[in-house]
Structures are given as structure tokens and as C-alpha cells.
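Please keep the sequence and the 3D view at hand while reading.

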Amino acid sequence: MTDHTILRVVSKLLLPYVLLFALYVQFHGDYGPGGGFQAGVIFAAGFVLYGLIFGLTAVRRVAPARMIELVIATGVLVYAGTGVATMLMGGNFLDYDALNAAHPSTGQHYGILVVELGVGMTVAAVMIAVYSTFAGRGRA
Amino acid sequence: MTETVLDTVLGLYNYWVVIFLMMTGFYIVIARGNLIKKVIGLNIFQASVFLFYITVGKVSGGTAPITAEGLEVYSNPLPSVLILTAIVVGVATTSVALSLVVRIREAYETIEEDEIYAQDEAR
Amino acid sequence: MRGLFAAVMLMGIYSFLGASWMLLLDAPDVAFTEASVGAGVSTILALATLALTTRKAKTPVRRPALPLLIVAVTGAALVYGTLDMPHFGDPEAPASNYPHPSYVERTEHDIHVPNVVTAVLASYRGYDTLGETVVIFTAGIAVLVLLRGSRKRRPPGGEGERAP
């Protein structure tokens, strides 16, 4: 795809907005449609687009396989860790009220944000990892 | 009598659309030997189940379940929650299925079911 | 249809139409996910699989009579099962009344999150979502295990590669 100038220019223009939109969906999920699952997929779609146009090696430069694997595990850890944190702060597992004892609803809000972040990290990293293993298989 | 039949049809058509799509996917899974087509059939089946859940959650005159001033009736958010996670899990399992197809192709040089059976029996 | 490329593309279009229907049915979150996942990621993955395998499907040799019969009977049974179902959009349907819909209003007070879908997903049903995340994690690891590593070709004529 290296000789398609229009595709290269347009995708380079689009990419920042795709990633920004993913972050918007991630952190605005409490107010509008959105959340970790969708944001993760959109974020990964940005990387997939980059890989389709500029090749897999370019994606591997931005997101090395090692780092992606780390992010996959970190997302799950963030989610489960929130549960453990609420237990340490005196609540039940994943009972976000405990995060802010004075204002339980604020605690809920924090909890949802953190948990959705964990979901988004895992989903995005898994999708990128799956794409790059499929694409990398052909030339190995 | 015709009135009630019409009511029944109008009231239940959503389930019938879903059943039609579901059976299309089912047919592909059992009638086609190509493994990629089977995965596509499973995907169609799966998406029809998603649609089924979402149609069950619809409430006439309701709006999307995002609370706001002046709105009284919301569609049921629970099916949305279930299906939201199911879609992403679905694509994750589909990717596992597709990678198995890739491995099968590498081992057998084919993705047609009958040829794989033939190779297995020839051994 | 012999061309797998067209089949995969049709699957993407089907997902996208499904997403549009979901949007009409007041489920913007789900429509959003279906559009990006079904029409985006799974189509790309299926195309990548085609690139690694083959684009042509064999003409089926089996006659479709038996599968058609099975499908018709199953479909008829399901349609018969729907005759007792609550009608489309019925506010009195059990699915819409249990748990009592007033929890939607209470969510606003309990959690201060206007999007009830997010509130239920991350808070009320937090355990479930943790499980789903672990499923995705596991699937990702499975794909990495299956496809990572060098590509082993069977030696021509030899059968040594395959496990019995």
C-alpha cells in the first residue's frame, strides 16, 4: 500500500481523530453512549488502519508486541485491583461506595471510570495483538 | 378474527425476523463444508441472538436509557448491557476460531471439511 | 457463493445493518459496539484469515435436502414458541417489569451516572463484566499461543508433524 498517496495522506489525517474519539468514548461513557468496550475497539481500529496502510512493522514500532502483552494483563489487573482496593477500604469486592465514604455516589463514579479504563486497555490491546499476529503470520 | 391475526403478526414479526436470520446462520453451519463459511454462519447466528435480546428490551414510546429531565419511559437497559459485553466476547471467540482455521490450513493444506476427514481416514 | 471474499464482505454489511436496527430499537451503546466490532474488526480478521488460507470455496457436493429440512423444522418450532410471547414493544412484558423499572430512576441517585447502561455494566453487574474481561484476556492469549511462533510446514509426503 506504500504507493497510494491519497490513502496515506487521508489516513494520517484521520488517525489522530480516531484515537481522540476513542478516548472521548472511553471517558464520556458515563454521560453518553460509550464505555470501555467500544473505546477499546475504536482505539484498536486506529492501529489496524495504520497497519493496513503503513505496514505491520510501522505498527510494531509504535506498539511493540511485548508492550501490548503487558497492557492486556494490566487491564485485567486494574479491574480486579479495583475490587481488591474496595475490599481494603472496608467495602465488598467491587463495591465502589467504599472509595469515597463521605460521598458514596462519587465513589461509584470513580470506580466506574477506573474499571472502564481497565476494560478499555484489555480490549484494545487484545484486538491489536490479534490483528498483528494474524497479519504477521503471512510473512513469518 | 382477521383483526387478531393481523395483530399477532404485527406484534410478533420481530421474533420471526430474528428466527429467519438465526436459521440462515444455522443452515450455513450444517450445510457448508468450508470452515470459514461455518465461522461466518456462527457469526450470523450470534448476531441474530443479539438482535433478539435488543428487540425484547424495546418499550414502545421509550427512549434510549440515558436519564435526562423530562423523560419518563426508557427502554430496558438490561439487554443492552448483556449484549454489549457479548458482542466483544463474540469477536474474541471468533478470532480464536479463525486462528484455529489458519492452523488447520497449515496442517492439512485445505479448509474443506470433507477433505480433512478424507486425509484423516487415509492415515 | 464460491467467493469467500464476497461472503466476508456480506457478513460485514449484515453486521452494519444489524447495528442500524439496534439504533432504532433504542440501544445506542450496543449499536455502537456492533458497528465497530462486527463491521470493523471481525471483517478485517476474516479478511486476514482469507489471506492466510484461500479465497475460493469448493462447490458443495452434498445435497441440501436434509439440512434444509432440519432448519425448516427448527424454525417452525421456534415460531410456534413465539406465539405466546409478549408483543413487540409491550410495556407490560415481563422482561420490562422485572426488576421493576424504577431502578432506572434510582440509578441517578445512587450512582450519579446518567447512562444507565454504563452504570449497570460497571457497577451493578461489575462481577459479570470482570468475567467478560477475563474471557477476552483468555481469548487474546489463546490466539497468541496458536499463531505466535514459527510457521511449521509439513515436510512433503511426511506425516511427522501431526499429532495422532
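Which residues in H3(B) meet which residues in H7(C)? In H3(B) they are B:Thr85, B:Val88, B:Val89, B:Ala92, B:Thr93, B:Ser95, B:Val96, B:Ser99, B:Leu100, B:Val102 and B:Arg103, and in H7(C) they are C:Thr129, C:Glu132, C:Val135, C:Ile136, C:Ala139, C:Gly140, C:Ala142, C:Val143, C:Leu146 and C:Leu147. This is a predicted model, in which local features need pLDDT of at least 70 and side-chain atom pairs count only at pLDDT 80 or more, while totals for chains, interfaces and linings use all residues. Residues are numbered from 1 along each chain as its sequence is written, and chains are lettered from A and ligands numbered from 1 in the order in which they are written.

**Chains A and C**

- Chain A comprises five helices and zero strands; helices (H or I, at least four residues) and strands (E, at least two) are DSSP runs, numbered from the N terminus.
- The C-alpha trace of chain A spans about 60 × 30 × 20 Å along its principal axes.
- Of the 140 residues in chain A, 44% count as buried; a residue is buried if 20 or more other C-beta atoms lie within 10 Å of its own, exposed if 12 or fewer, and partly exposed in between, with C-beta atoms placed from the backbone.
- Chain C has seven helices and zero strands, and buried residues make up 37% of its 164 residues.

**Where chain C touches its neighbours**

- On chain A, 43 residues are in contact with 40 residues of chain C; two residues are in contact if their C-beta atoms, placed from the backbone, lie within 7 Å.
- The elements of chain A that give two or more residues to this side are helix H2 (36–54), helix H4 (65–88) and helix H5 (104–137), and the largest share, 20 residues, comes from H5(A).
- By class, the side of chain A that touches chain C divides into 26 nonpolar, 14 polar and three charged residues; Ala, Val, Leu, Ile, Met, Phe, Trp, Tyr, Cys and Pro count as nonpolar, Asp, Glu, Lys and Arg as charged, and the others, Gly among them, as polar.
- Between chains B and C, 68 residues of chain B are in contact with 70 residues of chain C.
- Helix H1 (2–31), H2 and H3 of chain B each give two or more residues to the side that touches chain C, and H3(B) provides the largest share, 25 residues.
- The residues on this side of chain B are 41 nonpolar, 19 polar and eight charged.

- Helix H3 (residues 77–108) of chain B and helix H7 (residues 126–147) of chain C pack at an angle of about 15°, with their axes 9 Å apart; axes are lines fitted to C-alpha atoms, for helices over the stretch in contact, and angles run from 0 to 180 degrees between N-to-C directions.
- H3(B) and H7(C) are therefore roughly parallel to each other; angles under 35 degrees count as roughly parallel, over 145 as roughly antiparallel, 65 to 115 as roughly perpendicular and the rest as oblique.
- The contact of H3(B) with H7(C) has 13 nonpolar, six polar and two charged residues.
- The axes of helix H2 (residues 35–57) of chain B and helix H2 (residues 28–52) of chain C come within 12 Å and cross at roughly 175°, which makes H2(B) roughly antiparallel to H2(C).
- This second contact is made by B:Ile36, B:Asn43, B:Ala47, B:Phe50 and B:Ile54 of H2(B) and by C:Val30, C:Glu34, C:Gly38, C:Ser42 and C:Thr49 of H2(C).

- B:Asn43 is buried, with 24 other C-beta atoms within 10 Å.
- Leaving out residues up to four places away in sequence, B:Asn43 touches B:Thr94, C:Met11 and C:Ser42.

**Helix H5 of chain C**

- In helix H5 (residues 102–111) of chain C, the residues C:Val104, C:Thr107 and C:Ile111 are buried.
- Seen down the axis of H5(C), the buried residues fall within an arc of 55°, so they line one face of the helix; the arc is that of the directions from the helix axis to the C-beta atoms.
- The face of H5(C) turned away from its buried side carries the exposed residues C:Ser102, C:Arg106 and C:His109.
- Among the elements that cover the buried residues of H5(C) are H5 of chain A, H3 of chain B and helix H6 (116–124) of chain C.
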